[in-house]
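Hi everyone, thanks for making time. Please have the sequence and the model open while I talk.

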Amino acid sequence: CTGNGICKCRVCECFPNFTGSACDCSLDTLPCMTPHGQICNGRGTCECGTCNCTDPKFQGPTCEMCQTCLGVCAEHKDCVQCRAFDKGEKKETCSQECMYFNMTRVESRDKLPQPGQPDPLSHCKEKDVDDCWFYFTYSVTSSGEANVHVVE
């Protein structure tokens with residue numbers, strides 16, 4: 001019974017929190033839990049202590065990785081562009097769609113926040129509608145607040 005139950009008459013009687021014919025399936029959901037307290041990032045089910053991702057694009061211990069998804073930079077580029085420079089694909093809908101982050105302007109790239117701070121940070125280099133590069137960082141605090149720093 002894999003050490004998780006007692007064999008009685010060739011049948012495993014599982015200890016609490018275990019199931020299966022050999023008591024080899026843990027009912028503990030802790031391994032499937034994200035730091036935000038969500039099971040499998042809401043993209044799968046926790047089966048025997050392992051995430052079974054329901055969306056095949058996602059994988060990883062808590063369905064957190066997606067190789068084919070837009071990265072953080074590409075995902076937020078249009079909103080940063082319209083908020084910072086008043087141009088781009090979302091210029092007309094900027095005030096409705098792009099107010100979800102706090103924005104801080106900085107003078108140069110060396111003034112952008114650097115890795116090593118407590119919040120996960122993405123450094124971004126994207127092209128704008130005029131084919132010029134612009135630079136920004138995107139981070140989310142533990143309370144879920146999004147912050148963007150953009151080079152003027």
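Let me start with a question: is E97 buried, partly exposed or exposed? With a relative accessible area of 40%, E97 is partly exposed. On this scale, buried is under 20% relative accessible area, exposed is over 50%, and partly exposed is in between, with a 1.4 Å probe and protein chains only.

A word on the basis of all this. This is a predicted model, in which local features need pLDDT of at least 70 and side-chain atom pairs count only at pLDDT 80 or more, while totals for chains, interfaces and linings use all residues. Residues are numbered from 1 along each chain as its sequence is written, and side-chain values use heavy atoms, with hydrogens and water left out.

Now the overall layout. The domain assignment of the protein chain gives domain 1 as 5-65 and domain 2 as 67-151; such bounds come from an automatic or database assignment. Taken over C-alpha atoms, the centres of domain 1 and domain 2 are 37 Å apart.

Back to E97 and its partner. E97 forms a salt bridge with K90, and their closest N and O atoms are 3.4 Å apart. The term here means a side-chain nitrogen of Lys or Arg within 4 Å of a carboxyl oxygen of Asp or Glu. K90 is partly exposed too, at 23% relative accessible area. In the whole structure, the search finds five salt bridges.

Two others meet at K87. D128 bonds to K87 in a salt bridge whose closest N and O atoms are 3.3 Å apart. That pair links distant parts of the chain: D128 is in the loop between β10 (121-127) and β11 (133-140), K87 is in the loop between α1 (72-85) and α2 (94-97), and they are 41 residues apart. For those labels, helices (H or I, at least four residues) and strands (E, at least two) are DSSP runs, numbered from the N terminus. D128 counts as buried at 11% relative accessibility, whereas K87 is partly exposed with 23%.

The other salt bridge at K87 is with D130, with the closest N and O atoms 2.6 Å apart. D130 lies in the loop between β10 and β11 and K87 in the loop between α1 and α2, so this pair ties together parts that are 43 residues apart in sequence. D130 counts as partly exposed, at 47% relative accessibility.

On to the rings. A pair of aromatic rings is described by the distance of the centres and the angle of the planes. Here, rings of Phe, Tyr and Trp (its six-membered ring) pair if their centres lie within 6.5 Å; planes under 30 degrees apart count as stacked, over 60 as edge-to-face and the rest as tilted. How many aromatic pairs does that rule give? The count comes to three. In one of them, Y100 and F101 have ring centres 5.0 Å apart and planes at 85 degrees, so that pair is edge-to-face. Y100 is partly exposed at 37%, while F101 is buried at 3%. For F134 and F136, the centres are 5.7 Å apart and the planes are at 20 degrees, so they are stacked. Both F134 and F136 are buried, and together with F85 they form one aromatic cluster.

Some rings also have a charge over them, meaning NZ of Lys or CZ of Arg within 6 Å of the ring centre and within 35 degrees of the ring normal. The charged end of R83 sits over F101, 4.5 Å from the ring centre. R109 does this over Y135, at 4.1 Å.

Next, a visit to domain 1. Strands β1 (residues 5-8) and β2 (residues 11-14) run antiparallel and are joined by four bridges; strands pair if DSSP finds at least two bridges between them. I6 stands opposite E13 in β2. Most residues other than glycine have a negative phi. In this hairpin, though, which has two residues between the strands, C9 takes a positive phi near 50 degrees. R10 has a positive phi as well, near 65 degrees, and R10 is exposed at 81%.

Finally, look at C32, in the loop between β4 (25-26) and β5 (44-47). C32 is buried at 0% relative accessibility. Setting aside neighbours within four places in sequence, C32 has contacts (heavy atoms within 4.5 Å) that include C40, C46 and C51.
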